[in-house]
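The following paragraphs lead the reader through selected features of one protein model. Please keep the sequence and the structure in view while reading.

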Amino acid sequence: MALIVVGSMAFDAIETPFGKSNKIVGGAATYIAWSASNFTRPVKQISVVGGDFPQDELDMLAARGVQMEGVQIKKDKKSFFWSGRYHMDMNTRDTLETQLNVLGEFEPVVPESYQGADILMLGNLSPAVQMSVIEQLGKRPKLTVLDTMNFWMETALPDLEKVLKHVDVLLVNDSEARQLSAQYSLVRAAKEIMKMGPKYLVIKKGEHGALLFHADHVFFAPALPLEDVFDPTGAGDTFAGGFAGYLDSTKDFSFEGMKSAIIVGSAIASFCVEKFGTTRLKELKRQEIDERIQQFVELVNFDISLVNK
Ligand code: AMP
């Protein structure tokens, strides 16, 4: 049982209508690893950081069962930096700044010990880097999951289209699904995107839950209505980590299996937003996750009797 995670490890600066963070540790692969390691270990991490990335953050992940052999440390360079500002709805945001730094020239090397993993979770970073990891794997993983964002649709669309041909499950949010497919209806968007390669598509809708598409099937997982949303950054990655980590623990890659995985992804993402950065994920206990999954079950569980005329 093993999961390879690829993605950015970064510094973020976040502004919400309710507060502002200094430079804090973030990055897609950071959130994914914290999330996935609740369900499966080891997590085999592939990323790159600069000499400015705190060693204790790497050590904390290692103590969680996240292997660091595939994480390059470029001592005299700076880590990837991203800053964003959330709108009043906390669902939409503007990117204020993206400094690729070490990510700009990242050439991933897949360690020999990572070969043979069942799931490849390609978190958000350049599609060319995602492709390079796919090409370095001797055996095709049983499941390849890819997360991406509008930045790559705007700056590297041909590379993204190429990598999508090798992907089983694509995770995007609703505006990205519309952008990628040039369709407003999410049902039509899903049909177009599934022609590009992925057999399964998850469209994340922030506080409005997530949709899972496969052939003519569709399933909806709600998001838990939360009283306080402090910082939505990383919720998508935390969702991805929960989704892939849970699937690695069940090995049920059917539509039914993925239905459970998007509930698990939604449940764990609901914790991420409760505090800034990875703070809440670091203190999370397995029992809290189980209780929250139960709340999801209750949220959508109802009996109905249809009146026959
Ligand atoms: P999410 O809120 O789940 O969409 O992910 C936010 C995380 O993605 C932040 O921690 C950022 O560091 C990271 N991120 C933002 N833009 C990019 C990008 N272009 N490439 C890789 N990672 C990014």
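Helices (H or I, at least four residues) and strands (E, at least two) are DSSP runs, numbered from the N terminus. The model is predicted, so local features need pLDDT of at least 70 and side-chain atom pairs count only at pLDDT 80 or more, while totals for chains, interfaces and linings use all residues. Residues are numbered from 1 along each chain as its sequence is written, and side-chain values use heavy atoms, with hydrogens and water left out.

Arg64 lies in the loop that joins helix H2 (55–63) to strand S6 (66–74). Arg64 is buried, that is, under 20% relative accessible area, where exposed means over 50% and partly exposed in between (1.4 Å probe, protein chains only). The side chain of Arg64 makes a polar contact with that of Ser37 at 3.1 Å; such a contact is a pair of N or O atoms within 3.5 Å, and within protein one must be able to donate a hydrogen and the other to accept it, residues adjacent in sequence counting only if both atoms are side-chain atoms. Leaving aside residues up to four places away in sequence, Arg64 touches Trp34, Ser37, Asn38 and Arg41, contact being heavy atoms within 4.5 Å.

Pro42 belongs to the loop between helix H1 (28–36) and strand S5 (43–50).

Two alanines have positive phi values. Ala182, between helix H6 (174–181) and helix H7 (186–195), has phi near 60 degrees; it counts as exposed because its relative accessibility is 68%. Ala215, in the loop between strand S13 (210–214) and strand S14 (217–221), has a phi of about 50 degrees.

Technical notes: Lys, Arg positive; Asp, Glu negative; His and termini not counted. Salt bridge = Lys/Arg side-chain N within 4 Å of Asp/Glu carboxyl O.
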